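Please read them with the coordinates open.

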Amino acid sequence: MSITAGEALAFVENLTNDFKQHPEHLSDYSRQVFDYYDTNSDGNLDKNELLASIHYFFRIVQNGIPDDFNIDESMVDEIMDKYDTNHDGVLDPPEYTVFLGRFLNLLHQKLEEPLEQLLDIAEKVFLGLDDDKNGVIDIEEVKKVFVKLNDDEDDAETYRTSRDFIAQFDTNEDGFIDRDEWTQTLRMKTEEDSIQNVIQMLELILSRYCN
């Protein structure tokens, strides 16, 4: 199962918030994952079973985590050394619970990094589009973007395209895009598309129009 970046963040955020409020839920959830990946039913997770359980979470959130964040076989030894507190070479259920809690917190942190990048570049683009610095983006400012980026004519078709663009963000239907509408709509777009695709779109606008 693979989900969008926004859904991935929500999935992990809901888990970590729930476990903070109800620590017993972490034990229950951890035991479910543990039992599923304890494929030989010996009551422990060896290195291969541990890695398989980690990859389960990576498969779910793969659209939301940075490309340079992964855990492979070479890192499992380090995890074992850290969380195998009785030094028997495997993780028992309590040891795995401690690991999973910390792993999910790390995963949450990594999932937030692209979102923070998105919000940072979104703010720069908003400021670049808001030519008159009145705190909103209007249709004339949007038209300038389409004319410059696409070599469009300043005509009726460009007006309609600009109007449609405004409508995507203008949740209060006042004819303008304010900062909150801009930010919230871009966050919602990560529910439909890869967060990196949204960032690339903003970077294109920033490089070709706002600079």
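**Notes on the predicted model**

1. Setting aside neighbours within four places in sequence, Ser30 is in contact with Pro93, Tyr96, Thr97 and Leu100. The model is a predicted one, and these contacts should be read as features of that prediction.

2. Ser30 sits in helix 2, which covers residues 23-37. Its relative accessible area is 1%; buried means under 20%, so Ser30 counts as buried.

3. Turning to helix 7: this helix has 14 residues. From its first C-alpha to its last it reaches 21 Å, close to the 20 Å expected at 1.5 Å a residue.

4. Which residues of helix 7 are buried? They are Thr158, Ser162, Phe165, Ile166 and Phe169. Viewed down the axis of helix 7, these buried residues fall within an arc of 100°, so they line one face of the helix.

5. The axes of helix 7 (residues 156-169) and helix 8 (residues 179-189) come within 8 Å and cross at roughly 85°. Angles of 65 to 115 degrees count as roughly perpendicular, and helix 7 and helix 8 are therefore roughly perpendicular to each other.

6. On the helix 7 side, the contact is made by Phe165, Gln168 and Phe169. Helix 8 contributes Glu181, Trp182, Thr185, Leu186 and Lys189. Sorted by class, the contact of helix 7 with helix 8 has 4 nonpolar, 2 polar and 2 charged residues. Phe165 and Phe169 take part in this contact and are also among the buried residues of helix 7.

Terms used. Residues numbered from 1 in each chain as written. Predicted model: local features only at pLDDT ≥ 70, side-chain atom pairs only at ≥ 80, totals over all residues. Heavy atoms only, no water. Axes fitted to C-alpha atoms, helices over the stretch in contact; angles between N-to-C directions. Helix = DSSP H or I, 4+ residues; strand = E, 2+ residues; numbered from the N terminus. Parallel < 35°, antiparallel > 145°, perpendicular 65-115°, else oblique. Contact = heavy atoms within 4.5 Å. Nonpolar A, V, L, I, M, F, W, Y, C, P; charged D, E, K, R; others polar. Expected span 1.5 Å × (residues − 1). Buried < 20%, exposed > 50% of the residue type's maximum accessible area, 1.4 Å probe, protein only. Arc of directions from axis to C-beta.
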